[in-house]
Amino acid sequence: MATLAGLGLAACGKSAEDSQQALVPAEIDPRSTCDLDGMLLADYPGPKAQIFYEGKESPTFFCDTVEMFHTLLSPEQVKAVSAAYVQDMGKADWDQPRGNWIPAKEGCYVLGSKRHGSMGPTIASFAQEADAKKFIGQWGGKFLRYAEIKSDMVDLSGGALHD
């Protein structure tokens with residue numbers, strides 16, 4: 001089973017100081033599209049994600065965190081990843097999320113909530129554990145840290161594979 005060790009591990013809400021040169025997350029605009037399915041990111045709710053691959057100046061965008069995790073955990077994923085970012089839904093507007101990017105490996109996550117993203121059920125991302133737990137109180141779900149997300153939790157069979 002694939003793990004997320006390639007990006008390193010850090011507890012949510014804490015800064016990782018393992019990178020001397022941090023990449024700056026790109027902001028989505030009305031023309032930004034998901035690299036997996038071409039969907040316009042600005043048209044859909046829920047947390048978005050982006051991955052910077054080594055040697056690329058621009059990120060690969062995902063309209064949903066599930067797509068990002070699916071990509072990172074895929075056995076076929078062999079590209080070197082420089083950085084991955086998700087949106088802090090403790091600060092971002094769920095219906096029109098903009099900005100509030102955090103390093104994915106530092107995030108706290110909620111799996112299985114009643115709140116949907118662009119592809120249906122999603123994994124909500126947060127910078128702070130308290131925000132994730134408050135979200136669970138309202139929407140349900142299970143609290144997870146970055147390293148606890150496994151490939152069987154990020155099945156795209158109901159989403160991108162059917163577009």
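**Exercise 1. Which residues have the most contacts inside the largest nonpolar core, and how many residues does that core have?**

Before we start: this is a predicted model, where local features need pLDDT of at least 70, side-chain atom pairs count only at pLDDT 80 or more, and totals for chains, interfaces and linings use all residues. Residues are numbered from 1 along each chain as its sequence is written, and side-chain values use heavy atoms, with hydrogens and water left out.

Step 1. Buried means under 20% relative accessible area (1.4 Å probe, protein chains only).

Step 2. The largest core has 21 residues, and Met-68, Phe-69, Tyr-109 and Ile-149 have the most contacts inside it.

Step 3. Now the elements, with helices (H or I, at least four residues) and strands (E, at least two) taken as DSSP runs numbered from the N terminus. Strand 1 (49-53), helix 1 and strand 3 (81-87) each give two or more residues to this core. Helix 1 has the largest share, with five residues.

Step 4. There's also a second, separate core of eleven residues, with Cys-34, Met-39, Ala-83 and Trp-101 among them.

**Exercise 2. Work out how Phe-69, Tyr-109 and Tyr-146 are linked into a cluster.**

Step 1. Rings of Phe, Tyr and Trp (its six-membered ring) pair if their centres lie within 6.5 Å; planes under 30 degrees apart are stacked, over 60 edge-to-face, and the rest tilted. That rule gives five aromatic pairs.

Step 2. Take Phe-69 with Tyr-109: at 5.1 Å centre to centre and 85 degrees between the planes, this pair is edge-to-face. Phe-69 lies in helix 1 (residues 65-73) and Tyr-109 in strand 5 (residues 108-117), so the pair ties together parts 40 residues apart in sequence.

Step 3. Check burial: Phe-69 is buried at 0% relative accessibility, and Tyr-109 is buried at 0%.

Step 4. Next, Phe-69 with Tyr-146: the centres are 5.9 Å apart and the planes at 50 degrees, so this pair is tilted. Tyr-146 lies in the segment after strand 7 (142-145) and Phe-69 in helix 1, so here the parts tied together are 77 residues apart in sequence. Tyr-146 is buried too, at 1%.

Step 5. Put together, ring pairs link Phe-69, Tyr-109 and Tyr-146 into a cluster.

Conventions. Buried < 20%, exposed > 50% of the residue type's maximum accessible area, 1.4 Å probe, protein only. Core = buried A, V, L, I, M, F, W, Y, C linked by side-chain atoms within 4.5 Å.
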